[in-house]
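Good morning, everyone, and thank you for making time. Please look at the sequence and the structure while I talk.

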Amino acid sequence: MSHIGSYDDRLKNFSWNISEKELGYKPGDVINIGWYCTDRICQMGKANKPALIWEGSTGPEKRYTYNDIRLASNTIGAYLRGLGLQAGDRVCLFMDKIPELYLGFLGILKIGEIAQPLFSAFGDESLFFRLSNAEASAVITQKKHVPKVRKILDKLPHLKHIIIVGHEGAAPLKEREVAFNLEKAGPVDAFQIHPTMAESPSVLHYTSGTTGMPKGVKHVHYSLIAQYLTGKWALDLRDDDIYWCTADPGWVTGTSYGIIAPFSLGVTQCVLDAGFQAESWYKFIEKRRVSMWYSAPTAIRSLMKAGDEIVKKHDLSSLRHLASVGEPLNSEAVVWSQKVFGKPFYDTYWQTETGCIVISNYPGMEVRPGSMGKPFPGVTGVVLDPVKNEPYPAPGKIGLVALKFDWPSRMRTYWNNEEAFQKKFRGGWYITGDRARLDNEGYFWFAGRDDDIINTAGHLVSPFEVESALLEHPAVAESAVVSKPDPINLEVVKAFVTLKPGFTAGKDLDLEIMNFIRKKLSPLAMPQEIEFVAGLPKTRSGKIMRRILHAKEWGEEIGDTSTLEND
Ligand code: PRX
C-alpha cells in the first residue's frame with residue numbers, strides 16, 4: 001500500500017484543487033515553474049537540501065543544493081535578460097545532459113521566456129527546422145555542438161544569440177556568438193521573477209507528426225499543477241527519495257519528470273550524462289543509492305539482455321520504486337524486473353501533448369504485467385469506436401485511445417499550427433493516435449499506433465521527415481519509410497529506395513545514405529536497413545502505400561489492395 005492511499009480512494013472526490021492547495025496556488029495568482037522549483041523549496045526550509053547530483057562520463061561530479069539551483073537559474077535568467085531577450089521569446093537549449101541544461105531551463109522560465117529543449121544528437125537539418133519554426137531568438141549550446149549551428153545560421157534571421165557554454169580558451173567567437181561561464185558569472189541573489197500567469201507559455205517540445213514536418217507542442221506554466229501531482233501520486237516521489245530519471249530533457253519526459261516534477265516536490269535527483277551501459281547503470285544506482293528509478297522499455301530490454309549475473313554483482317537494495325514510459329512495456333520485462341530487482345516496473349503512458357502521465361499503474365494498485373494501467377484521477381480516458389467516434393459501450397474491443405481534454409498540463413496548441421491542433425479532436429474527444437482495449441476492471445492494454453509514426457526506442461520518428469531527407473541524397477529517386485521489428489528497440493526505421501538513373505545499388509551506397517540521414521536528422525531517425533527496389537507500391541493516384549511495405553516487414557496480412565496501381 002502506498003503512503004498516499006489507494007487508487008480508488010484517490011478517485012473519489014478528486015479535484016485538481018488538491019494540487020493547487022498543496023502548492024499554495026489560487027486561480028488568478030502568478031504561477032512561475034522556475035520559482036516553484038527553486039525559490040519556493042528554499043522558502044520551505046530546504047535551501048541546503050541536495051537538488052541535483054550530476055555525474056558525467058569524464059570529470060568530477062557536481063552537486064547543487066536547492067539554494068544553488070535557485071541562484072544559478074537567477075544567474076542564467078539575468079544573463080539572458082542582459083542580452084535583451086524578453087518574455088515570450090523562444091530560447092533553445094541544445095546541449096548534452098550537463099548541469100547548464102537543467103539550470104538554463106529553469107532560468108528561461110523564470111524570466112517568462114519559452115524553453116525549447118532539443119536533443120544534442122540532432123543533425124543540422126533537424127535543428128534548422130525546429131529553430132526556424134519556433135523563430136527562436138537564442139540558443140544555448142556547447143562548444144562541441146556549435147559547428148551544427150554555424151552551418152545553418154545564414155538561414156536563421158531570428159536567431160540573435162548563440163550562447164556557448166564551456167568555450168574557454170577556444171577559437172575566436174564568430175558572428176552572434178557569446179561565451180557564458182556559470183561559475184565565473186557568479187550567483188545572483190536578488191532577482192525579479194517574471195510574473196507569469198497560468199496560461200503564459202512555458203515550454204515548446206517538438207514531436208513528429210504522420211504527415212508534414214514536426215510540430216511544436218506548446219505548454220503553459222499551469223502544467224505544473226498536473227506535473228506536481230502525477231509526480232507525487234503516479235511516480236510516488238517522496239521527500240527522502242534519491243530519484244533518477246534516465247530521460248534526456250530533449251524529450252518531454254526529461255522536462256516534466258526530469259526537472260519540473262522532482263524539483264517542485266523538493267526531491268533530490270541525480271543525473272548521469274553518459275550513454276547506456278548495463279554495468280555503469282547498475283554502478284550508478286549502487287553509488288547514488290537511487291530509490292526511485294524512471295526509465296524506458298528499450299533500456300529495460302537492454303538490461304535484460306545483459307543478464308541476471310551482472311545484477312547480482314551490485315547492491316541495488318536502495319531501489320524502492322520503478323517506473324517506465326515511452327513504448328509498450330512487455331509483460332516479460334515486468335516479470336523479469338520482479339525477479340531480479342524484487343519489484344516490478346510500473347508502466348506509465350502519456351505523450352508530449354499530454355504534458356503529464358495520463359494512464360498508469362500506481363503504487364497501491366495491482367500491476368497487470370503488459371497493461372498500461374488506468375487513467376490518472378482527474379483524467380477521463382476512454383477507448384473510442386473509430387466509426388461512431390464514441391466510447392464502446394462494453395470493454396474488450398480495440399479502439400482509439402481518447403481523452404477528455406481538460407487536465408492542467410494538456411498542450412494548448414501546436415506552435416503556429418492551430419489547424420493541426422484542431423485535427424486532434426473527434427466527437428469532442430482528444431485523439432491520442434494510439435489504439436488500445438479496455439479489460440473488465442478498467443485497465444488499458446496498448447495495441448499499437450493508429451498511424452505510420454515509428455516508435456524506435458521510445459522516440460517518435462516521422463516517416464515523412466525521413467523520406468524528405470532521403471530525397472536530398474543525389475542517388476535517391478523515391479523512398480518509402482516504414483518500421484521493422486527489432487528485439488531491443490521494438491521497432492527501427494527501414495527505407496525502401498529507388499535510385500536515379502546512373503546510380504546502382506552497389507557496395508556501400510546503403511551505408512553512405514544511412515550516414516547522410518544520421519548527420520542530417522539524428523542517429524535514431526537513421527534507417528537501420530535500406531532496401532533498393534525497382535519500384536514502390538502506389539495507389540492509382542500515385543500515393544506511396546507504406547501500409548503494404550509495413551505489412552511485409554511485420555509478416556502481417558496485406559489487406560485491401562484494390563486501390564493499388566498495378567493490381
Ligand atoms: O504511442 C505512444 C507511445 O509514445 C507516444 C508518445 O510519444 P512522445 O510524445 O514522444 O512522448 C513519450 C513520453 C511521454 C504515445 O502516443 N507511448 C508512450 N508511453 C507508452 C507508449 N506506448 C505504449 N505504452 C506506453 N506506456
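Predicted model: local features only at pLDDT ≥ 70, side-chain atom pairs only at ≥ 80, totals over all residues.

Residues are numbered from 1 along each chain as its sequence is written, and side-chain values use heavy atoms, with hydrogens and water left out.

The protein contains 19 helices and 28 strands, where helices (H or I, at least four residues) and strands (E, at least two) are DSSP runs, numbered from the N terminus. Of its 567 residues, 59% are buried, and buried means under 20% relative accessible area, exposed over 50%, and partly exposed in between, with a 1.4 Å probe and protein chains only. Along the principal axes, the C-alpha trace spans about 70 × 65 × 50 Å.

Now, which residues are buried in helix 15? In this helix, residues 331–341, they are Ala333, Val334, Trp336, Ser337 and Phe341. Seen down the helix axis, these buried residues fall within an arc of 165°, so they line one face of helix 15; the arc is that of the directions from the helix axis to the C-beta atoms. The face turned away from the buried side carries Val335 and Lys339, which are exposed.

The cover over the buried residues of helix 15 includes helix 12 (278–288), helix 13 (297–306) and strand 14 (345–349), with contact meaning heavy atoms within 4.5 Å. Finally, just after helix 15, glycine 342 takes a positive phi of about 80°.
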